[in-house]
Each structure stands twice: as C-alpha cells, then as structure tokens.
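This briefing covers a nonpolar core and the strands around it. Please look over the sequence and the structure before reading on.

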Amino acid sequence: IYDITGTIETTIPSITWETEFYDWSLDSKSIIFSGITVSGESGLFTYNFDTLALYHLTSAEGVGSYAWHNGPKILYSVPSNYNTSYTINPDNTGRQVINDTGRIVDNPQWFPDGDETISYYANAIVLYRVSDGSRSVINIQPYATYFSYAKLSFDGSKVICSGLHGTG
C-alpha cells in the first residue's frame with residue numbers, strides 16, 4: 001500500500017500474490033482483495049491496516065465479483081453456484097445469502113444507501129435492493145448488445161459503461 005506520494009507505507013503480510021481486484025472499506029482502514037498466502041491458501045481476503053488482521057473469507061473457486069465500497073458489508077457473487085450472492089462482514093462473520101437467482105451477476109457495487117446494488121450482465125444493468133429482493137433493469141438507449149463494464153459514481157447518481165457491437 002502506498003500513500004499518494006508513492007512512498008510505501010506497509011505491505012500485507014503472508015501474501016505472495018495478489019490480483020488487480022481490490023476494493024476499500026468506506027472508512028479506508030481496510031481492503032478486500034483476492035490472493036494467495038505463503039502457505040498456498042487462495043481466495044478472497046480482507047486486511048485491516050489498523051489492527052493488522054488478515055481474514056480469509058472464501059476460497060478462490062467460490063468468488064466471482066465482489067464489492068465493499070459504500071456498503072456496510074462485503075457483497076460477492078459465486079458464479080459456479082448459479083450466481084448466488086452473499087454479504088459478509090470483513091472479519092469473516094455474518095455470512096448471509098441475499099439471493100440465489102442470479103440477480104447480482106457481475107461487478108456488483110453498493111449505492112451510498114448501503115442497501116441497493118448495481119451489477120451488469122451482457123446487455124443489462126441490474127438494480128437490486130438487498131432488504132426486499134426487488135429487482136429492476138436500467139434500459140440504456142440506444143440499446144447496446146453487450147456492456148464491457150459498468151461503474152457507479154460515488155454518489156450513486158450516474159453509471160458509466162461502454163457498449164460493444166453497438167453505438168459505443
């Protein structure tokens with residue numbers, strides 16, 4: 001982890017390899033990432049920079065997309081299990097199934113309210129409310145045939161995405 005001047009502040013102990021997939025807690029004191037420990041344990045981890053605690057949340061095979069920023073808990077989906085989605089506390093407690101119908105598919109993100117999420121799959125951007133399971137689709141016009149990525153603004157008022165094989 002570097003500060004904005006590029007000075008190394010700390011490293012995460014026991015990790016030998018990390019992917020480019022990271023997300024910060026709302027208070028910027030912890031981070032979530034996928035990686036492999038020196039003992040060969042792979043999967044999804046959290047690390048708290050104040051307490052220096054490293055938690056293993058789930059195995060690498062059990063993680064699709066995940067998000068924490070803006071959320072009260074970590075949100076992740078398991079693609080090998082028909083896109084079942086879960087929330088979990090950063091200390092590996094309180095795991096809860098929030099849906100098992102594939103409603104959160106790829107790149108889930110929390111809205112600032114900590115209840116509504118946004119995700120995307122192929123040509124749909126999906127809004128999903130965790131508290132009641134309601135689901136709706138954002139219709140983008142002109143209609144794109146595939147979204148390569150969708151990212152929610154920090155205030156939850158806008159989403160940016162690129163359409164492939166469509167109008168751009």
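Which residue in S6 does Tyr 66 stand opposite? Tyr 66 stands opposite Tyr 76. The model is predicted, with local features needing pLDDT of at least 70 and side-chain atom pairs counting only at pLDDT 80 or more, while totals for chains, interfaces and linings use all residues. Numbering starts from 1 along each chain as its sequence is written, and side-chain values use heavy atoms, with hydrogens and water left out.

**Strand pairing**
- Strands are DSSP runs of E with at least two residues, numbered from the N terminus, and two of them pair if DSSP finds at least two bridges between them.
- Strand S5 (residues 66-67) pairs with S6 in the antiparallel sense over two bridges.
- Six residues lie between the strands in the hairpin of S5 and S6, where Asn 70 has a positive phi near 75 degrees.
- S6 also pairs with S7 in the antiparallel sense, over five bridges.
- Val 78 has Thr 84 in S7 as its bridge partner.

**Nonpolar core**
- A nonpolar core is a set of buried Ala, Val, Leu, Ile, Met, Phe, Trp, Tyr and Cys residues joined through side-chain atoms within 4.5 Å.
- The largest one has 10 residues, including Ile 32, Leu 44, Leu 57 and Trp 68.
- Strands S6 (74-78) and S7 (84-88) each give two or more residues to this core, and the largest share, three residues, comes from S6.
- Beyond its neighbours within four places in sequence, Leu 57 is in contact (heavy atoms within 4.5 Å) with residues including Ile 32, Leu 44, Ile 74 and Ile 88.

Conventions. Buried < 20%, exposed > 50% of the residue type's maximum accessible area, 1.4 Å probe, protein only. Helix = DSSP H or I, 4+ residues; strand = E, 2+ residues; numbered from the N terminus.
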